[in-house]
Amino acid sequence: MKEGPFAEEGQHRCDNCGKAWTGPQLEGMDDFFERVTPGGVMPSGQCPGCGSLCFPVEKNEAAVEEVMAFVKGLKNPDSDAWLLDEVVHDAAAHAAATANNNGLQGQVEFLVEQGWAAKEIVKAIKDTQG
Ligand SMILES: [Zn+2]
């Protein structure tokens, strides 16, 4: 019997393969009560890729501070703007591909998460209608 997915908005990351998914992409969880520890973090669903449990990705202020503190210790902290250019591009491309693979609903959710207003999305759709 499957439970869930209990997907909320935003990204969910697989505990095993590390892939990120949007909520609607997650699968229901097999053997839910055997795999979840009472009092532990609630998984949001099952990875469509490898079948392991996925957990919501939360904004982690501590992680941002940790990385920024590391960057400040580098020799040329003023020329560091390019350091993660390629990594950010790849991460954004993966998020975009994930959204596109999830159809119109996933695409709309992606744009809303990026801060787009409903009006702007509707206008973008209208623009494609010629
Ligand atoms: Zn996985």
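View 1. The model is predicted, and its four strands form an open sheet with antiparallel pairing, in the order 3-2-6-5. The edges are taken by strand 3 (20-22) and strand 5 (45-46). Each of these edge strands has a single partner strand, so one side of each is left without a neighbour in the sheet.

View 2. Strand 2 (residues 11-14) and strand 3 run antiparallel and are joined by three bridges. Across this pair, Arg 13 stands opposite Ala 20, and His 12 stands opposite Trp 21. The hairpin has five residues between the strands, and Gly 18 takes a positive phi near 80 degrees.

**View 3. The two faces of strand 2.** The side chains along strand 2 alternate. His 12 and Cys 14 point to one face and are buried.

**View 4. Strand 6 and its pairing with strand 2 and strand 5.** Strand 6 (residues 53-56) runs antiparallel to strand 2, and three bridges join the two. In this pairing Pro 56 of strand 6 stands opposite His 12. Strand 5 is also antiparallel to strand 6, with two bridges between them. Here Leu 53 of strand 6 stands opposite Gln 46. Strand 5 and strand 6 form a hairpin with six residues between them. Gly 51, in the turn of that hairpin, has a positive phi of about 85 degrees.

View 5. The largest nonpolar core has seven residues. Its members are Cys 14, Trp 21, Leu 26, Met 29, Cys 47, Leu 53 and Cys 54. Leaving aside neighbours within four places in sequence, the contacts of Cys 54 include Cys 14, Trp 21, Leu 26 and Cys 47. Cys 54 is also in contact with His 12, Arg 13 and Asp 15, and with Pro 43, Ser 44, Gly 45 and Gln 46.

**View 6. The packing of helix 3 against helix 4.** Two packed helices are described by the angle between their axes and the distance between the axes. For helix 3 (residues 85-101) and helix 4 (residues 103-113), the angle is about 140 degrees and the axes are 6 Å apart. The two helices are therefore oblique to each other. Helix 3 contributes Ala 95, Ala 99 and Asn 100 to the contact, and helix 4 contributes Gly 106, Gln 107 and Phe 110. By class, the contact has three nonpolar, three polar and no charged residues.

**View 7. Lys 119 in helix 5.** Lys 119 is found in helix 5 (residues 118-127). Lys 119 is exposed, because 8 other C-beta atoms lie within 10 Å and a residue counts as exposed at 12 or fewer. Ser 44 is 75 residues apart from Lys 119 along the chain, and their C-alpha atoms are separated by 30 Å.

Key. Residues numbered from 1 in each chain as written. Predicted model: local features only at pLDDT ≥ 70, side-chain atom pairs only at ≥ 80, totals over all residues. Pairing = 2+ DSSP bridges. Core = buried A, V, L, I, M, F, W, Y, C linked by C-beta atoms within 7 Å. Buried ≥ 20, exposed ≤ 12 C-beta atoms within 10 Å, placed from the backbone. Contact = placed C-beta atoms within 7 Å. Axes fitted to C-alpha atoms, helices over the stretch in contact; angles between N-to-C directions. Parallel < 35°, antiparallel > 145°, perpendicular 65-115°, else oblique. Nonpolar A, V, L, I, M, F, W, Y, C, P; charged D, E, K, R; others polar.
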